Amino acid sequence: MAAKLRWDIAQVKQAVAGQWSVVIQQLTGIAASDLTGKHGPCPKCGGKDRWRTFDDFEQTGGATCNRCGKMADGFALLQYFRNCSFPESLQLVAELLNIEPLTNDIT
């Protein structure tokens, strides 16, 4: 049975801080022009003037759509746009940033 890979959440959060727009573009295909903090059409639902990233987007990855809802951070945004779980979003970011998984010290 293959071991499940795990990452240190704090390590991944620290590594991605300041890089969310690049990470989100690469993992979701959302255009850079949609990650500026200005109101615009939602990349998911297409609704006019509903979408915007938070002022601290580069640090947190957070955004909101008046229809789709609030995505408090980049992991929540990835979960919504990629229809995945938190562990899957953590793995996507960690692998993109070449962060090694934790070693299994279970004997």
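Two strands count as paired if DSSP finds at least two bridges between them. Helices (H or I, at least four residues) and strands (E, at least two) are DSSP runs, numbered from the N terminus. The model is predicted: local features need pLDDT of at least 70, side-chain atom pairs count only at pLDDT 80 or more, and totals for chains, interfaces and linings use all residues. Residues are numbered from 1 along each chain as its sequence is written, and side-chain values use heavy atoms, with hydrogens and water left out.

**Figure 1. The protein chain as a whole.**
The protein chain contains five helices and three strands, which follow one another in the pattern α-α-β-α-β-β-α-α. Along the principal axes, its C-alpha atoms fill a box of roughly 55 × 25 × 20 Å. Of its 107 residues, 31% count as buried; buried means under 20% relative accessible area, exposed over 50%, and partly exposed in between (1.4 Å probe, protein chains only). Contact means heavy atoms within 4.5 Å. Among contacts between residues at least 6 apart in sequence, 44% join residues at least 24 apart.

**Figure 2**
Three strands form an open sheet in the order β1-β2-β3, with antiparallel pairing. The edges are taken by β1 (51–53) and β3 (69–71); each has a single partner strand, so one side of each is left without a neighbour in the sheet. On average, neighbouring strands of this sheet are turned by 10° against each other, direction ignored. Strand β1 is joined to the antiparallel strand β2 (residues 63–65) by three bridges, and W51 stands opposite C65 in β2. Helix α4 (residues 74–82) lies across β1, β2 and β3 and runs at about 125° to β3. For such angles, axes are lines fitted to C-alpha atoms, for helices over the stretch in contact, and the values run from 0 to 180 degrees between N-to-C directions.

**Figure 2. Surroundings of S21.**
S21 belongs to helix α2 (residues 20–28). With a relative accessible area of 13%, S21 is buried. When residues up to four places away in sequence are not counted, S21 touches L35, F57 and E58.

**Figure 4**
A pair of aromatic rings is described by the distance of the centres and the angle of the planes. Rings of Phe, Tyr and Trp (its six-membered ring) pair if their centres lie within 6.5 Å; planes under 30 degrees apart count as stacked, over 60 as edge-to-face and the rest as tilted. The structure holds four aromatic pairs. In one of them, the ring centres of W20 and F75 are 5.1 Å apart and the planes stand at 90°, so the pair is edge-to-face. This pair links distant parts of the chain, 55 residues apart, with W20 in helix α2 and F75 in helix α4. Both W20 and F75 are buried, and together with F86 they form one aromatic cluster.

Y80 counts as partly exposed, at 33% relative accessibility, whereas F81 is buried, with a relative accessible area of 16%. A charge sits over a ring if NZ of Lys or CZ of Arg is within 6 Å of the ring centre and within 35 degrees of the ring normal. The charged end of K44 sits over the ring of Y80, 5.0 Å from its centre, and over the ring of F81, 5.8 Å from its centre.
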